[in-house]
Amino acid sequence: NNGGDGFVMAGLAMAAGLELELWHLPPRTTSTTSAAVALAQAREAGIVIRAIDPDSLAFEMATFAPDLIIDALFGIGLVRAPDATAAVTIRMIDDFSAPCLALDVPSGLDADRGSAPGEAVRATVTISFIGAKFGCATGGGRALCGERVEHDLGVSPRCLEGLNVAASRFDPDDLRTRLPPRPLNASKQDAGHALLIGGDRGMGGALCLAAEAALRVGVGRLSAWTRAEHVPVLLSRRPEAMTRRVDAFNADTVPSTVNVLALGPGLGRGDWGRAALDLALADSRPLLLDADALNLLAERGQAAWSDGRVVILTPHSGEAARLLGIAREAVEADRLAAVTALAERYCATVVLKGAGSLVATCADTPRVIEAGNPGMASGGMGDALTGIIAALLAQGLSPFDAASSGALIHAMAGDAAAADGGERGLLASDLMPWLRRFANPVEDGEWGSRASEQGTGE
């Protein structure tokens with residue numbers, strides 16, 4: 001019982017010499033022997049124990065004026081909205097000025113889904129016991145938990161054997177095994193050739209961001225197809241991209257060396273964008289779809305490619321909702337179910353962007369990206385991610401690893417850029433100087449180039 005955790009915490013706090021009161025939701029019943037013992041011990045220790053009265057709660061809170069609130073109202077089993085008394089208590093915790101420490105999960109948070117069906121505590125710090133809780137890592141859970149700490153309570157890892165894992169963390173250490181240093185005799189042909197298509201009239205900036213991001217994480221060659229008016233801008237911004245004006249799409253014009261196609265940044269939903277998508281869907285090479293390419297795909301309602309084709313989709317929750325034919329709120333209520341459903345329906349690797357981005361396939365344990373910050377909720381960030389993942393896929397990473405590594409590099413670059421100047425006002429272009437650093441992990445834990453002699457790259 002989470003209440004049992006609260007009784008134990010109260011006893012420890014009293015033993016440490018702290019002044020405290022223990023308030024509980026009436027009626028105070030205990031469904032386990034251990035919780036009953038903990039409550040009895042709290043009483044024997046002389047701790048003041050009060051049943052919460054919503055009518056006098058505000059007065060009592062102001063009178064006691066705690067320096068710290070410890071939230072142990074509900075635990076990981078809560079899947080419903082808190083009742084009226086609990087909701088009033090949670091609002092009082094959230095409105096009071098003192099910091100809040102939540103035990104296991106903030107009360108009101110669905111630990112399996114990362115959403116709150118009703119009122120929920122906004123904790124300053126959350127300490128999760130024994131194992132990490134998926135709901136703390138994604139969606140609304142990330143905002144509710146505040147700083148997250150984990151403790152195994154001395155429980156042996158053997159106790160967790162055989163349990164189903166909801167998702168696995170994808171961490172910076174995982175990048176080192178997927179992005180080893182290149183051989184000294186590497187050539188640009190070894191690093192792939194990606195083709196980006198986008199930038200309908202008035203939307204050329206999206207393709208510029210995607211192109212630069214792809215180049216910054218090491219694609220060997222990059223082709224960029226766009227409208228005529230955007231060609232000069234892209235050439236001046238990134239002359240390394242092989243930029244081409246395309247008014248009509250012909251499959252015969254796609255270079256045979258291209259090993260990845262990526263569509264979406266600034267694609268639009270007009271005739272030009274639809275023709276580009278038709279071209280890509282008729283091809284058989286690995287494909288990445290984002291932004292309006294996803295919205296056009298949603299009109300079809302199902303996969304539009306043959307079984308076995310490598311496809312990566314990178315929707316935010318609104319695009320995911322359109323692809324699934326459900327409300328955006330339903331996606332955010334259960335992000336893991338949504339990303340899994342997308343992977344199954346479209347036979348694709350899917351990155352569900354947002355707080356705690358998720359990466360899923362039909363066959364693998366989903367991955368959660370525990371990096372990134374609210375400053376990245378700005379225009380152009382998704383376009384940069386498209387370029388990053390396309391470049392990694394072109395370099396030979398598997399679809400699952402390219403999507404996971406790309407999402408993590410993107411998020412880490414966003415965090416580094418935010419640390420340099422703050423989250424508010426963070427631009428997608430601010431990530432560019434950091435992308436190359438995080439795309440070059442080395443064994444000693446640092447980031448950047450090797451000290452040894454480099455190849456020519458030609």
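Trp434 has a relative accessibility of 22% and therefore counts as partly exposed (buried is under 20% relative accessible area, exposed over 50%, partly exposed in between, with a 1.4 Å probe and protein chains only). This is a predicted model, in which local features need pLDDT of at least 70 and side-chain atom pairs count only at pLDDT 80 or more, while totals for chains, interfaces and linings use all residues. Residues are numbered from 1 along each chain as its sequence is written, and side-chain values use heavy atoms, with hydrogens and water left out.

**Aromatic pairs**

- The structure holds two aromatic pairs (ring centres within 6.5 Å, using the six-membered ring of Trp; planes under 30 degrees apart are stacked, over 60 edge-to-face, the rest tilted).
- The ring centres of Phe249 and Trp272 are 5.2 Å apart and their planes lie at 55°, so this pair is tilted.
- Phe249 is buried at 18% relative accessible area, and Trp272 is buried at 4%.
- Trp434 and Phe438 are stacked, with 6.3 Å centre to centre and 15° between the planes.
- Both Trp434 and Phe438 sit in helix 16 (residues 432-438), four residues apart, about one turn of the helix (helices are DSSP runs of H or I, at least four residues, numbered from the N terminus).
- Phe438 is buried, with a relative accessible area of 9%.

**Helix packing**

- Helix 11 (residues 317-324) and helix 13 (residues 335-346) have axes that come within 10 Å and cross at roughly 50° (axes are lines fitted to C-alpha atoms over the stretch in contact, with angles from 0 to 180 degrees between N-to-C directions).
- The contact (heavy atoms within 4.5 Å) involves Ala320, Leu323 and Leu324 of helix 11 and Ala338, Ala341, Leu342, Arg345 and Tyr346 of helix 13.

Key:
Helices (H or I, at least four residues) and strands (E, at least two) are DSSP runs, numbered from the N terminus.
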